[in-house]
Amino acid sequence: MFFRRVGELAHRFRVAIIVGWLVAAAVLNVAIPQLSDVIKRDATPFLPNNSDVMRAYDTMGQKFGGRAAGGDVIIVMEDPHGLTQADYDYYASLVGKLEAHKDRVPFLTDYLSHPEFKDAAVSKDHKAIYLFAGLKTPVGTPGGDADAFWVRGLAAQGRPPGLTTYVTGDSAIIADYQRSIDDSTKRTTVITLLLLLVILLAIYRSPVTPLIPLATIVTAIAVVRPVVALLGLHYIKVASFTETFILAIVFGAGTDYCIFMISRFKEQRAQKDSPARALATTSHRVGEAIASSAGTVVVGGLAMSSASVSLFSTTGPAIAVAVVVTLLAGLTLTPALISVGGDRFFWPQKVQADHAGRFWTSASEVIVRRPRRVLVASLVPLLLVAGLYPTMKLTYDERGPQPQGNENIQGLRALDRHYQSGEILPDYILVRSDHDLRNARDLAAIDSATKALSHLPGVSAVRSFTQPNGDRIAQASIPYQVGQVGAGLADGRDQLAAGSAGVQQLDQGAQQLSAGGSQLASGAHQAQAATDQFISGLEQENTGLGQAITGTTGAQQGSVQLRDGARSLASGLRVARDGVKQAVDGLTLALQYFTVSADPTCHVSGPTVCTQSRDGITQVRDREQNELIPGLDKAIAGADQVAAGNGSLADGLGTLRAGLTQAQSGIQQLETGEMTFKAKLGELAGGADKLGAGAGQLGGGVSQLAGGTDQLKKGLDQAATFLNSVSQDASAAGIDTFYVPADHLNDQQLALARFYYISGDGTTARMVVLGKDDPFGVPAMDRVAVEKTAVRTALQGTPLARSQVLAAGFAAQNANLRDYFSRDFRVVAIAVLLGVLIVLVLLLRSLVAPIYLLGSVLLSYAGAMGLTTLFWQDILHKEAIDWTVPIFAFVMLVAVGADYNIFLMSRVREEVMKDPVNGIGHAIRRTGAIITSAGIIFAGTFAALVTSPVLNIAETGFAITLGLLIDTFVVRSFLVPSIAVLLGKWNWWPHFGVRATSAELLEETGEPGGERPRGGRQRLQPAK
């Protein structure tokens, strides 16, 4: 009764309702900002901030210089004739301009300021260069879009002739994408209006009747936009896709609601109902159906609000709001307009019921008589085309949906022309630790992870701290350092081999020294014995000389005795002289042992004994040689003269006396020296004994040294050979553990690696993975999970085993998007199906009919997806369908497709109440043309999206259009009615019938308390 009351009020207050809607539209559009402006204020990121890839971007921004960055752009500079100095100057100028706006550009990757990166930034053909800039505003937000366009304008300033610049990258791609959607929305709106007008004129064949749905739709849109904008300011989130889909849903649903109302009003007027009664009945019969239909769309839209991807979460709630407003317009404004115009709105046609044509009359008869054949005939084609659905491939390539003339697409093409695929848009793998990893063990673990990544299929190169340019630092590997040690040992072996001859000479010298020391000891003992005799002789000589000197005064008396004594004296003096001469020679020989260059005795007997012995021997030898021997020579000459009698005796005696006096003095000194010499000879004998023993030990030690040297040489040779073999084998086997001593981590050659691959606080390492395939392709997306797994596996058993591993980059972003999309699709699908099922159960008061109705809608969706796959993939040879198509098509087709089933089954229920046997046939005939018209109009509104230059919108429009047409002409027209006929009374289980209320009986019979069956209930039996 609620909807009947609404119809009555709409008729009574028709003018107020119309004025109220117009005033509301005017006031709301003046008081509330435009929806497009609200969309531009939204800052909702494309993916949630807690998603893996967004956390990776946040970590990379915080740890590597872009703390406030939320997006990025790549500025590509291309000169087909080759880069000139003017181009490089422009590059430097652009860097300066961007750096002056730290509030918008928090960081720049200025490759030319780092000579190590210049080769990577400048293309190999020297025709292109690029600059990477981080933007403060998050990607996918209106602010991010504005920043991308601002950078584009900045890059256009001061550009040299011949140089072309393109601004691409994440922020620019999304910005161009959103702009294309805005342009597409304006275009499709105009096309939709024109298409709608044509269809309405063709259906009603009246220039006046279309004014009702057009007025309703225009007014609804005028109210929906500011209402959505108001809610977008405070409660819900909106984005560019929002406006496109709310326009389509308002056009389609609003037109359907109007068609249902107009058709039923004409039918009631043809039955001679008054305008008031016809309007009340229309609102009662149609209101419940369109409200239920709107409820399914609202459920679908609200289900999308739980999606993680902003594209869905910002579109679904707005669709729900738009449907609610459109429903209110259909329940109030449309009846008011009909009431104001009355029958005049159908000019030049007369007011009469829409008679079922021959087609629907024949169709209903065939369905009722042969439901099984109809079911098979409608079901088999649907199953065939639905079977193509599993072959659908999805793409997450953000380049695909956009017009190929967009600047970001041209920029990506320029990069493809001059750089290796995947080099400019690599994957970033981050290892975030809870401690400083700038130590040998952690860096070795990072190196292991780098090697693990480099061995993955599809990876062309990996850059990290241990491989800053894609190649390992040779000096920082264990095999290299082992090889260096091996080479050093080999050099030592060679030098030792070269010195082995000296060891042999040392051995021979030690043996000679030992022998000489023994001879010296023996000679020293003999010299000591001779010295004792010599000293005794000196004492006798001294006594004799004293007597000789005394006796020279009596020389004459004893001349004979003197002559004889002189002869004896000369003979004795000669013997003494010879002994002294022999002693002097022995002392000279002894001094030679003490003055050799190596001076080995000093090392054996000690430096003090050596020095004292040498000094004493030298003193004795000098006195004997310089005083004693010359004096003895003079004494011998004098004795000979005396004995021979030559010369005068006085002269001879004088000479003799002088010689004897000098000899006596020499003998006295000699006796003193000989006493010292005797003592020193004793010391020399002891030292010589030590020298001999030490020399013997030295000889044995040197012999052992010679043997040990041979063994050492062999050991060094074995060690060098082993280490060199280990180095070669380890390198060949890939066992090349990274190692840099702690005191070398700050070396200048590692400065770039520290800056780009290790965060300033040392807690995060970054690895850049260059892929061989398209970074937007599915293989690159699939590889991201493999990369993260490979890194985690490589870090097992290391201090970094518990570190956080994150992935960033286009491939990682798309992989994350795919994961969220899969989850969102499941959640949304379950919510929509449950919501639609509940609405159907409440409307039909049955459990059986809602189940097969929902199944028919799913089959319609699968068939639409199959035909979409056939057209775009197989006929147009596109590699894949955009990932947004399935979920938008699902929500629209399941929710909207249920509309026609709701309208059909509500009419079946109504007709069965009147005629249990023929009710289904009557419902088919009376709704066939109406639902078909509504389906065509709704399909037409989405068909306008096919003309969009944004490919995913065109694909979505194509899929929904096909689905609505399938649902209109196959599912609702033949499949569902044939099932209803076959099930009979089971359609209404668990009631097995339809209960007619008193109000319904009043309406059908025209009399209060109309005649009822026994028991107060009317059991309506479906046709058998």
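Strand β1 (residues 71–78) is largely enclosed by the rest of the structure, because eight of its eight residues are buried. Buried means under 20% relative accessible area, exposed means over 50%, and partly exposed lies in between (1.4 Å probe, protein chains only). This is a predicted model: local features need pLDDT of at least 70, side-chain atom pairs count only at pLDDT 80 or more, and totals for chains, interfaces and linings use all residues. Residues are numbered from 1 along each chain as its sequence is written, and side-chain values use heavy atoms, with hydrogens and water left out.

**The chain overall**

- The chain has 30 helices and ten strands. Helices (H or I, at least four residues) and strands (E, at least two) are DSSP runs, numbered from the N terminus.
- The chain holds 1024 residues, and 53% of them are buried.
- Take the contacts between residues at least 6 apart in sequence: 84% join residues at least 24 apart. Contact means heavy atoms within 4.5 Å.

**Strand β1 and its partners**

- Gly71, Val73, Ile75 and Met77 point one way from β1. Asp72, Ile74, Val76 and Glu78 point the other way, and all are buried.
- β1 runs antiparallel to β3, joined by eight bridges. Two strands pair if DSSP finds at least two bridges between them.
- β1 also runs antiparallel to strand β4 (residues 164–168), with five bridges.

**A four-stranded sheet**

- Strands of a sheet pair through backbone hydrogen bonds, either parallel or antiparallel.
- Four strands form an open sheet in the order β7-β8-β6-β9, with antiparallel pairing.
- β7 (459–463) and β9 (804–808) stand at the edges. Each has a single partner strand, so one side of each is left without a neighbour in the sheet.
- Neighbouring strands of this sheet are turned by 20° against each other on average, direction ignored. Axes are lines fitted to C-alpha atoms, for helices over the stretch in contact, and angles run from 0 to 180 degrees between N-to-C directions.
- Five bridges link strand β6 (residues 427–432) to β9 in the antiparallel sense. Tyr428 has Ala808 of β9 as its bridge partner.
- Helix α4 (residues 52–63) packs on the sheet and touches β6, β8 (764–771) and β9. The direction of α4 makes about 95° with that of β9.
- Helix α17 (residues 440–454) lies across β6, β7 and β8, and runs at about 15° to β8.

**Two packed helices**

- Two packed helices are described by the angle between their axes and the distance between the axes.
- The axes of helix α11 (residues 275–304) and helix α13 (residues 316–341) come within 7 Å and cross at roughly 170°.
- α11 and α13 are therefore roughly antiparallel to each other. Angles under 35 degrees count as roughly parallel, over 145 as roughly antiparallel, 65 to 115 as roughly perpendicular and the rest as oblique.
- Residues making the contact include Leu279, Ile290 and Val297 of α11, and Ile319, Val323 and Leu327 of α13.
- The contact residues divide into 17 nonpolar, five polar and no charged. Ala, Val, Leu, Ile, Met, Phe, Trp, Tyr, Cys and Pro count as nonpolar, Asp, Glu, Lys and Arg as charged, and the others, Gly among them, as polar.

**A buried threonine**

- Thr868 lies in helix α26. At 0% relative accessibility, Thr868 counts as buried.
- Leaving aside neighbours within four places in sequence, Thr868 is in contact with Gln873, Ile881, Phe958, Ala959 and Leu962.

**Backbone details in loops**

- A cis peptide bond joins Trp989 and Pro990, with omega about 15°. Pro990 lies in the loop between α29 (951–983) and α30 (998–1005).
- His126 is not a glycine, yet has a positive phi of about 55°. His126 sits in the loop between α6 (115–121) and β3 (128–135). With a relative accessible area of 48%, His126 is partly exposed.
- Arg845 also has a positive phi of about 55° although it is not a glycine. Arg845 is in the loop between α25 (810–844) and α26 (848–875). Its relative accessibility is 42%, so Arg845 counts as partly exposed.
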